Amino acid sequence: MPTPSPADLPIRRLTRRDLIACADLSEDRGWPREEHKWSLLLTAGKGYGIDDPGGGLVAACVVTEYGPYGDPELGAIGMVLVAEGYARRGVGRRLMRYVVAAMGTTPLTLHATPNGRPLYEELGFKVTGGAEMVRGRFTPNGPEPETGTRAATAEDLAEIIRLDEEVFGTDRTPMITRLPAFSDQLRVAEENGRIIGYAAAWPNMDTHVVGPLIARDPETAKALLASLAARTDRPLRTDIDLRHGELLAWVKERGLAPVGHNAVMTYGIHELPGDWTRRFAPLTVAAG
């Protein structure tokens with residue numbers, strides 16, 4: 001039976017009820033299932049997908065909006081996937097065009113793999129930066145950072161949200177308030193009773209992903225990362241902004257090896273808002 005034309009299949013909004021179908025789609029393309037991450041993105045963001053008449057999904061992606069409700073200041077696109085049976089038939093292009101149009105004048109950002117980058121460039125996205133994914137078992141090596149860290153408490157959440165907005169450049173309250181439940185660890189760095197950084201470690205398959213990682217300076221970022229590593233027996237994975245070469249060199253000396261690079265791309269803005277000098281790693285490349 002011939003495969004239906006992708007142009008004839010409607011695009012619809014996805015919900016958390018589509019979690020298993022999204023995980024199946026990831027697996028179809030050789031990605032990890034990542035059900036925990038899909039659950040967060042489908043809850044905190046807007047999912048878009050195309051149903052396969054034979055069952056499952058032809059394609060999917062998620063957009064996470066940041067800023068005032070109903071008037072977002074930034075949209076992060078992630079998890080753009082097309083089923084193997086529909087690959088190279090214009091499905092990804094059609095879905096992306098639909099999402100870009102649906103977001104109207106809202107500036108957009110995404111992390112692009114080398115394979116995906118040509119499509120995004122065709123659609124008008126520009127490369128404005130890059131990130132390196134590193135993974136491995138963290139092994140302390142040499143003097144460790146002296147900045148004090150501790151587990152975050154409920155009383156810290158308002159200050160974490162304030163710091164995150166200052167550094168990220170727009171309000172992420174709906175996402176950040178989910179971190180205590182989503183992550184296995186949420187820690188803060190402080191100086192004289194003032195929070196100067198925070199980081200989370202959340203479970204993803206057999207690893208703990210470190211993100212977000214927001215810190216006053218590289219030493220604070222190192223302290224947060226080391227404190228998270230000391231409290232897990234899983235390998236760590238994180239995506240560090242290429243401009244933070246000092247932190248990248250430090251984690252590589254401690255057992256985290258390069259896995260790949262993503263281009264950070266934007267649409268409708270020349271660069272991301274906020275203070276990149278304090279933004280070391282995203283919550284996830286799928287949501288910024």
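Q: A disulfide is a pair of cysteine sulfur atoms within 2.5 Å. How many disulfides does a search of the whole structure find?

A: Zero disulfides turn up in that search. Before we go on, keep in mind that this is a predicted model, in which local features need pLDDT of at least 70 and side-chain atom pairs count only at pLDDT 80 or more, while totals for chains, interfaces and linings use all residues. Residues are numbered from 1 along each chain as its sequence is written, and side-chain values use heavy atoms, with hydrogens and water left out.

Q: Now to helix packing. What describes two packed helices?

A: The general idea is to give the angle between their axes and the distance between the axes. The axes are lines fitted to C-alpha atoms, for helices over the stretch in contact, and the angles run from 0 to 180 degrees between N-to-C directions. The elements themselves are DSSP runs numbered from the N terminus: helices are H or I with at least four residues, and strands are E with at least two. Here, helix 1 (residues 19-28) packs against helix 2 (residues 35-44) at an angle of about 130 degrees, and their axes are 10 Å apart.

Q: What orientation and handedness do helix 1 and helix 2 have?

A: Angles under 35 degrees count as roughly parallel, over 145 as roughly antiparallel, 65 to 115 as roughly perpendicular, and the rest as oblique. Helix 1 and helix 2 are therefore oblique to each other. For handedness, a crossing is left-handed if the near helix is turned anticlockwise from the far one by less than a right angle, and right-handed if clockwise. The crossing of helix 1 and helix 2 is right-handed.

Q: Which residues of helix 1 and helix 2 meet?

A: Contact means heavy atoms within 4.5 Å. On the helix 1 side are Leu19, Ile20, Cys22, Ala23 and Ser26, which meet Glu35, Trp38, Ser39 and Leu42 in helix 2. By type, the residues of this contact are six nonpolar, two polar and one charged, where Ala, Val, Leu, Ile, Met, Phe, Trp, Tyr, Cys and Pro count as nonpolar, Asp, Glu, Lys and Arg as charged, and the others, Gly among them, as polar.

Q: How do helix 8 and helix 9 cross?

A: Helix 8 (residues 218-229) and helix 9 (residues 245-253) have axes that come within 10 Å and cross at roughly 35 degrees. Their crossing is right-handed. Pro218, Glu219, Ala221, Lys222, Leu225 and Ala226 in helix 8 meet Glu246, Leu247, Trp250 and Val251 in helix 9. That contact divides into seven nonpolar, no polar and three charged residues.

Q: What should I expect of phi and of peptide bonds?

A: Most residues other than glycine have a negative phi, and most peptide bonds are trans. In this model, a cis peptide bond joins glycine 211 and proline 212, with omega about -5 degrees. Proline 212 lies in strand 10 (residues 207-215).

Q: What is phi in arginine 88 and methionine 205?

A: Arginine 88 has a positive phi, near 60 degrees, and sits in the loop between strand 4 (74-82) and helix 3 (91-102). Its relative accessible area is 73%, so arginine 88 is exposed. Methionine 205 has a positive phi near 55 degrees and belongs to the loop between strand 9 (194-204) and strand 10. At 47% relative accessibility, methionine 205 counts as partly exposed.

Q: Where is arginine 254, and what does it touch?

A: Arginine 254 is in the loop between helix 9 and strand 12, and at 4% relative accessibility it counts as buried. Leaving aside neighbours within four places in sequence, arginine 254 is in contact with Arg137, Phe138, Thr139, Asn141, Pro143 and Glu144.

Notes
Buried means under 20% relative accessible area, exposed over 50%, partly exposed in between (1.4 Å probe, protein chains only).
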